[in-house]
Amino acid sequence: MSCTVLMSVYNSPHYLKEAIESVLNQTSSTFEFLIINNGSTDNSTDILKEYSLRDERIRVLNHEHADLGDALNFGLKSAKHEWVFRMDADDLMYPTRLEKQLSFIAQHPELKVTACRGIYIDRQGNEAGVTGLDVLTPQDCKHYVEQCEAIGFLHPGVALHRQTALDLGGYRSQFYPAEDIDLWNRIAEQGHLVFGQDAVLMHYRLHASSDIARNYFGMRDKFDWVRDCMRRRRNSQKELDWTEFQEFLKTQPLLKRLNRRRKSTAKFFFRQAGLNFVHSNQMQAGLKLCAAAALQPDYVLQRLWGLAQSRRHKTMSSQ
């Protein structure tokens, strides 16, 4: 089965060559590598031109700088194949990623979205833990929809059925940086199966200076908006726009608002603990972890248990 690998690039020269090489070195060679140059103003453009001349599988399309969702929608519309595999400009595919995910899709023809696990790495490529993955079976998918729980995947590890996404309007950029979660759940609500593959097939790079790291609480608000819209849709109610959702939050009782902030702060400290751990700052990691546990012990214990369970999958990377 042929497929499209879709990457959006905006001023990302530091790891771009490594990322491109990891795609070109796949054991499955029947793919197009569609790269959207999302208005880059640095030497990313030169790197892309160099590789496009070197390998005929690479197709670079220039796009005026826009939100990630808009760039990816442009890519979905331009892709040549039925299945589109996401990839980011600072991550790394394992050589067997396409082969194993394509095999998984062939075994589950009812799938419309799937994803793999990834190993967290720092700027230097040092490994530190494995990403979580909760939705692993058709039953998990149906349970999440029935319980109005949000399905979340490692976005650059996703394989997506192109026409299914386009039929629903693709990514909705207003939900950035949770536009991916919004899309997976809208697809699942249509009765399509959305579940992951329990295999580590990539390296996922964490940056302490990323937009999400700098604006974590804004990101959490967007994620909560996605979940609110999801629940309203599943209850046959009208979605709120961003302004309406913010006004809705203000109407919540004080204790509910404080409890929401408590949980968001706990998740912020847990994320900071992970970033510090990845970047070998163990003391700060321990302090942030203790702060998260003090605010929301059940969440921290659940995440730590999930991380401990997922570490066993690391050996799959060499299989």
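Predicted model: local features only at pLDDT ≥ 70, side-chain atom pairs only at ≥ 80, totals over all residues.
The secondary structure of the protein chain consists of 13 helices and eleven strands. Its radius of gyration is 19 Å, close to the 20 Å that the globule rule gives for 319 residues, so the chain is as compact as a globular protein of that length. Along the principal axes, the C-alpha atoms fill a box of roughly 60 × 50 × 40 Å. Of the 319 residues, 50% are buried. Among contacts with a separation of 6 or more, 76% join residues 24 or more positions apart.

The protein chain exposes about 15,100 Å², and carbon and sulfur atoms supply 51% of this area. Its charged side chains number 41 positive and 38 negative. The centres of these two sets lie 5 Å apart.

In soluble globular proteins, nonpolar side chains tend to be buried together. In this model, the largest nonpolar core contains 55 residues. The members that touch the most others in this core are Ile 20, Phe 33, Phe 153 and Leu 160. Apart from this core lies another, of twelve residues, including Ala 178, Ile 181, Cys 229 and Leu 249. When residues up to four places away in sequence are not counted, Phe 33 touches Val 5, Met 7, Ile 20, Val 23, Leu 24, Arg 57, Ile 58 and Arg 59.

Val 9 belongs to strand S1, which covers residues 3-9. With a relative accessible area of 0%, Val 9 is buried, because the cut-off for burial is under 20%. Leaving aside residues up to four places away in sequence, Val 9 touches Leu 16, Ile 35, Ile 36, Asn 37, Asn 38, Ser 40, Ser 44, Leu 48 and Ala 89. Asp 298 lies 289 residues from Val 9 along the chain, and the C-alpha atoms of the two are separated by 38 Å.

Asn 11 is found in the loop between S1 and helix H1, the latter spanning 13-24. A relative accessible area of 27% makes Asn 11 partly exposed. Although not a glycine, Asn 11 has a positive phi of about 45°. Most residues other than glycine have a negative phi, and most peptide bonds are trans.

A positive phi is also found at Cys 148, where the value is about 55° although the residue is not a glycine. Cys 148 is situated in the loop between H5 and strand S9 (158-161). Its relative accessibility is 16%, so Cys 148 counts as buried. In the peptide bond from Tyr 176 to Pro 177, omega is near 5° and the bond is cis. Pro 177 has its place in the loop between helix H6 (162-167) and helix H7 (179-189).

Helix H5, formed by residues 138-146, contains Cys 141. Cys 141 is buried, with a relative accessible area of 2%. Its contacts, not counting residues up to four places away in sequence, are with Val 135, Ile 151, Ala 188, His 192, Leu 193 and Val 194. Between Cys 141 and Glu 189 the C-alpha to C-alpha distance is 9.8 Å, while their separation in sequence is 48 residues.

Terms used
Residues numbered from 1 in each chain as written. Heavy atoms only, no water. Core = buried A, V, L, I, M, F, W, Y, C linked by side-chain atoms within 4.5 Å. Buried < 20%, exposed > 50% of the residue type's maximum accessible area, 1.4 Å probe, protein only. Contact = heavy atoms within 4.5 Å. Helix = DSSP H or I, 4+ residues; strand = E, 2+ residues; numbered from the N terminus. Rg over C-alpha atoms; globule rule 2.2 N^0.38 Å. Areas by Shrake-Rupley, 256 points an atom, 1.4 Å probe, with all protein chains shown as cover. Lys, Arg positive; Asp, Glu negative; His and termini not counted. Charge placed at Lys NZ, Arg CZ, Asp CG, Glu CD.
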